[in-house]
Amino acid sequence: MTGSPRNRSRLRSGFLPRRTSRPLGAGALASGALAATILVTGCGVVPGPGVDNDEPITVMTWAPEKTNATNKPGMPAFAKAYARWVNAEGGINGRELNVITCNERNDSVAASRCARTAVKENVVAVIGSYSQHADTFLPTLEGAGIPYIGGYGITTDEFTSPLSYPVNGGQPALLAGLGRALADVCGPVTLIRPDTIAGDQLPPLLDSGLSAGSHEPTADQRAAEEATEYDGQAQRALETSTADPEAEGCVVPALGDRTSTFMDSFRRARTDHPDVRTATVLGSVDQTTINTTGGASSPYEGSYVTGWYPASSDSLWEPMKDVIKKEAFGDNRIDPADAGVQTTWIAYTVFKQVVESLGDDEVSADTVTRTLNGGLKVDTGGLTPTLRWQFQDKLAAVGFPRLVNANVTFQEVKNGRLVARRDGFIDVTDTLYNTDLA
């Protein structure tokens, strides 16, 4: 009988193993599953405790770089910095962490190629990554049994795949939360979003929040993802949002990196129309964007923004900033206020706790997946609620079985700074539960 060897990754010489205690239940679960594998298959077995830990733990992070649309170079750059930091501290359980990166290029072919590289390199997980092309890379990862931890949450596929472990609520939570916030303060709402498959998923999510606040649905306005100007779209958005003279309308650009391009056109066009409020989601705007577009005089001043995590000024981010200071000082690709960098930090925090829970056991795609599926609770230091992935969660009924963190934060641009509009998280689970994605 033959069988493909499971993905394995152990430590190179030079890193001394450290014993780490873990709950008896976790050890029993891993041992029982391993024994079952030996008895049933008789081949393709992952070696257990006692193997030579002389290879690194190899993982991958990918994101688009140097493209004409959304770019997230800070995510792979931070992943490399994280590996340098954790290795300088002695590795994870004494095992060296080796991070491979890949340019996803905002292209389905490139995304598929990154996934095939992950399989070829026997990575134990793909961590903290960004791609709009989950439909092309997830089947490859699933076929090889490689978990996808902490995707950016840009597609709904990330909340359905059995091997996806999202750390935030992705676009579903952001749009639902924003809709709920705008329902109380806006007249007509206009959404400007990419004319893509991923963009098609945004209107019903925003509408779920608006509906929860007894507001009319948004006016859905498509736009080219890679346009160099949006004069026509800005004009139409203003006309639609100012249709009710009794209520101030709201314009919601959700175009990723192209949101700033839209806002340039919008700034020029709005002078000929009544006042409207703008609102968007983290990822389409961050503090760096506000700074580079004029600070307090930027077109974002007064905008509402929903995010997944606390504001970047919150002290909870100090451990991440310390890693950047130690291992990536001067690397202008890495912005601690970027939601992509923040997601990568949280994703690697998850992975580190998974490996630590394994103690001296084999670190492989199988054991990582088994540990996550076994109900491991992950503490992210207050940046998210405690994370735990279970298929029986409430949102499985509406097509999001892997969405375990539906919390969002409400922020506002005041005097050129992105600040918390209210303290703490808002749970939009019930809002999403009533979303119509048909």
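Which two residues form a disulfide with their sulfur atoms 2.0 Å apart? The pair is Cys102 and Cys114. The structure is a predicted model, in which local features need pLDDT of at least 70 and side-chain atom pairs count only at pLDDT 80 or more, while totals for chains, interfaces and linings use all residues. Residues are numbered from 1 along each chain as its sequence is written, and side-chain values use heavy atoms, with hydrogens and water left out.

With a disulfide taken as a pair of cysteine sulfur atoms within 2.5 Å, the count is two. The torsion about the S-S bond of Cys102 and Cys114 is about -85°, so this disulfide is left-handed. It links distant parts of the chain, 12 residues apart: Cys102 lies in strand S3 (residues 97-103) and Cys114 in helix H3 (residues 108-120). Helices (H or I, at least four residues) and strands (E, at least two) are DSSP runs, numbered from the N terminus. Cys102 and Cys114 are both buried, where buried means under 20% relative accessible area, with a 1.4 Å probe and protein chains only.

The other disulfide joins Cys186 to Cys250, with an S to S distance of 1.8 Å. This link is also left-handed, with -75° about the S-S bond. Cys186 counts as buried because its relative accessibility is 10%, and Cys250 is buried at a relative accessible area of 1%. Counted along the chain, the bonded cysteines follow the pattern 1-2, 3-4.

The largest nonpolar core has 105 residues, of which Leu97 and Phe351 touch the most other members. Helix H12 (residues 339-358) gives the most to this core, with 11 residues. A nonpolar core is a set of buried Ala, Val, Leu, Ile, Met, Phe, Trp, Tyr and Cys residues joined through side-chain atoms within 4.5 Å. Leaving aside residues up to four places away in sequence, Leu97 touches residues including Ile57, Tyr82, Tyr348 and Phe351, contact being heavy atoms within 4.5 Å.

Of the 20 residues of H12, 17 are buried. From first C-alpha to last, H12 reaches 29 Å, close to the 28 Å expected at 1.5 Å a residue; the expected span is 1.5 Å times one less than the number of residues. Just after H12, Gly359 takes a positive phi of about 60°.

Strands S13 (residues 407-414) and S14 (residues 417-420) run antiparallel and are joined by four bridges; two strands pair if DSSP finds at least two bridges between them. Val419 in S14 is the bridge partner of Glu412. The hairpin has two residues between the strands, and in it Asn415 takes a positive phi near 50°.

Notes: Buried < 20%, exposed > 50% of the residue type's maximum accessible area, 1.4 Å probe, protein only.
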